[in-house]
Structures are given as C-alpha cells and as structure tokens.
Amino acid sequence: MRRAWAEGVGTFIVVFAGCGAAAVGGAALGTIGIALAFGLAFAAAALALCPVSGAHLNPAVTVAAALAGRMRARDVLPYVAAQIAGATAGVGLAVTIARGRPGGAPGVFDALSGGFGRHSPGFYGANAALAAEIGLSAILAFVLLGGADRARPATQHALSAAAGGIGITLVHLVGMPVTGLPAHPARALGAALCAGGVALDQLWVFVLGPLVGGAIAAMALRILFTPERSSEGARATAERAR
C-alpha cells in the first residue's frame with residue numbers, strides 16, 4: 001500500500017507540474033519548456049520516491065517492469081490505480097489554476113487531453129498517433145528500467161531519476177507536435193475523464209499505444225539483460241566453487 005501511495009503522489013507531481021506549465025505558461029514556454037517541465041518534475045519526484053516504489057509514475061513503465069520480471073504481478077493493479085488517481089488530480093489542479101485568472105482558460109481541458117486528426121496539434125492521423133505512442137513509450141520504459149538495471153545499488157535511484165527525466169523530456173519533444181499527450185496512459189485517462197467528448201472517443205490510442213510500447217520494452221530488457229545476468233551468476237558460482 002505504501003508503494004502504491006508513492007506512485008500516486010509521484011504521478012501527481014509530474015502531471016501537475018507538466019500540465020501546469022502547459023496550461024499556465026504554455027504560450028511563453030513552448031514545446032521545449034513544457035518538455036523540460038515534465039522531465040524535471042519526474043527527476044525530482046523520482047529522486048524522492050525511488051527508494052519506496054521504484055518511481056515508475058507511468059502505467060506503461062509499470063507494465064514493462066512486470067513483464068520483464070522486475071516487479072510482482074499482484075502489485076501492477078495498485079500501482080496503475082494510484083497513477084490514474086494522481087494524474088487525474090494533477091490535471092484537475094492545473095486546470096483549476098489556469099482558470100483562476102480573469103477570462104479563465106477556455107478549452108484548456110481539451111488542450112491537455114491531446115488527440116489525433118483535427119484534435120492533433122499537427123493534424124496527424126490515428127496511425128501516426130498510435131505509432132508515436134508505441135515507440136515513445138517503448139523508449140521511455142527501456143531507458144528508465146534499463147539504466148537502473150546496470151547500475152550499482154548505491155547509484156540506482158539517482159540513475160533512474162536522471163534517465164527518467166531525460167526520457168520524458170525526449171518523448172515530449174517528439175510527441176507533443178503529434179498528439180500533445182505522449183506516452184502516459186494515466187495522464188491521458190485523467191484528462192479525458194475531465195474533458196469528456198472527443199477526448200474519451202480517442203482515448204484508446206493513448207491507452208493501447210503506451211501499453212504495447214511497454215510490452216516491447218520488456219521484451220528488449222529480457223533479451224539484452226537476462227542472459228548477461230545469468231552468465232554473471234554462473235561465473236560467480238564457479239569462482240565460489242574454486
């Protein structure tokens with residue numbers, strides 16, 4: 001339960017900071033500024049929460065971790081439920097602040113929920129949006145989990161935070177012009193629940209894509225790291241036997 005709470009709090013921090021930057025200062029910050037806001041928020045949250053939950057802060061990463069054998073299957077549902085709750089709260093608070101100035105921020109829910117076709121920032125179609133969500137989620141999950149896998153225990157948490165922050169910045173720089181909402185199904189669901197309408201109709205891309213991407217990352221992690229870990233274990237056993 002404590003680990004799930006950590007995932008909820010961390011996801012809230014990332015989504016609130018990133019969506020807050022987009023909703024309040026998006027015009028001034030631009031794509032680079034918003035991408036950095038998401039990345040820095042993740043790095044800060046992960047530094048605090050990695051020792052508790054591993055700081056996935058994204059259902060795609062949690063799915064990848066489970067499929068790669070990095071966490072127990074029974075922990076997946078509590079993690080994902082907490083991430084969805086934290087993301088929904090983060091979107092809601094960001095929009096509440098954005099609407100607090102005179103004139104409010106009309107359409108800000110729709111802007112934060114992203115989309116494809118007419119609702120894509122660059123008018124990209126569903127196929128392009130799905131491909132972006134799959135590819136970017138796979139990169140993010142692989143970088144975050146793969147970096148921590150090769151680290152010594154003393155540096156795992158810092159490396160996970162740094163890798164995750166860089167990875168999230170990257171996926172936003174690439175994905176924001178395509179869908180506005182790259183590689184985070186919990187944030188997508190939270191924004192769609194708040195916005196309703198077309199956001200709910202197009203939600204399938206932003207849930208299916210990242211989960212498929214997480215599965216691809218898990219496959220890559222098993223292929224690249226498991227044999228090495230097994231061979232190291234065999235060498236260590238042989239050395240102890242001498």
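Trainee: Are α2 and α3 roughly parallel or roughly antiparallel to each other?

Mentor: Bear in mind that this is a predicted model, and begin with the axes of α2 and helix α3 (residues 76-98), which come within 9 Å and cross at roughly 170°. Angles over 145 degrees count as roughly antiparallel. The two helices, α2 and α3, are therefore roughly antiparallel.

Trainee: How many residues of the contact of α2 with α3 are nonpolar, how many polar and how many charged?

Mentor: On the side of α2 the contact is made by P59, T62 and A66, and on the side of α3 by V76, Y79, V80 and Q83. Ala, Val, Tyr and Pro are among the residues that count as nonpolar. Sorted in this way, the residues of the contact divide into 5 nonpolar, 2 polar and no charged.

Trainee: How many of the residues of helix α2 are buried?

Mentor: Here a residue counts as buried if its relative accessible area is under 20%. In α2 this holds for P59, A60, V61, T62, V63, A64 and A65. Helix α2, which spans residues 59-67, is thus mostly covered, and its buried residues number 7 of 9.

Trainee: Which residue has a side-chain oxygen that reaches to the backbone nitrogen of A60 at the start of α2?

Mentor: Look at the loop between α1 and α2, where N58 is found; this residue is buried, with a relative accessible area of 3%. Apart from its neighbours within four places in sequence, N58 is in contact with E7, Q83, L140, A183, H184 and P185. The side-chain oxygen that comes to within 2.9 Å of the backbone nitrogen of A60 belongs to N58.

Trainee: Which residue with a positive phi follows α2?

Mentor: At the other end of this helix, we look at the residue that comes after α2 and at its backbone angle phi, which is near 80°. The residue with this positive value is G69.

Trainee: Why is the pair of F12 and F16 called stacked?

Mentor: A pair of aromatic rings is described by the distance of the centres and the angle of the planes. F12 and F16 both lie in helix α1 (residues 2-53), 4 residues apart, which is about one turn of the helix, and F12 is partly exposed, with a relative accessible area of 26%, as is F16, with 26%. Planes under 30 degrees apart count as stacked. The centres of the rings of F12 and F16 are 5.6 Å apart, and the pair is stacked because the planes stand at 5°.

Trainee: How many residues apart in sequence are the parts that the pair of F116 and W204 ties together?

Mentor: F116 and W204 form an edge-to-face aromatic pair, with 6.3 Å from centre to centre and 75° between the planes. F116 is buried, with a relative accessible area of 13%, whereas W204 is partly exposed, with 44%. Since F116 lies in the loop between α4 and α5 and W204 in helix α9, the pair ties together parts whose separation in sequence is 88 residues.

Trainee: What percentage of the residues of the chain count as buried?

Mentor: For the chain as a whole, there are 9 helices and 0 strands. Among contacts between residues at least 6 apart in sequence, 76% join residues at least 24 apart. Of the 242 residues of the chain, the share that counts as buried is 49%.

Conventions: Residues are numbered from 1 along each chain as its sequence is written. This is a predicted model: local features need pLDDT of at least 70, side-chain atom pairs count only at pLDDT 80 or more; totals for chains, interfaces and linings use all residues. Side-chain values use heavy atoms; hydrogens and water are left out. Buried means under 20% relative accessible area, exposed over 50%, partly exposed in between (1.4 Å probe, protein chains only). A polar contact is a pair of N or O atoms within 3.5 Å; within protein, one must be able to donate a hydrogen and the other to accept it, and residues adjacent in sequence count only if both atoms are side-chain atoms. Rings of Phe, Tyr and Trp (its six-membered ring) pair if their centres lie within 6.5 Å; planes under 30 degrees apart count as stacked, over 60 as edge-to-face and the rest as tilted. Axes are lines fitted to C-alpha atoms, for helices over the stretch in contact, and angles run from 0 to 180 degrees between N-to-C directions. Angles under 35 degrees count as roughly parallel, over 145 as roughly antiparallel, 65 to 115 as roughly perpendicular and the rest as oblique. Contact means heavy atoms within 4.5 Å.
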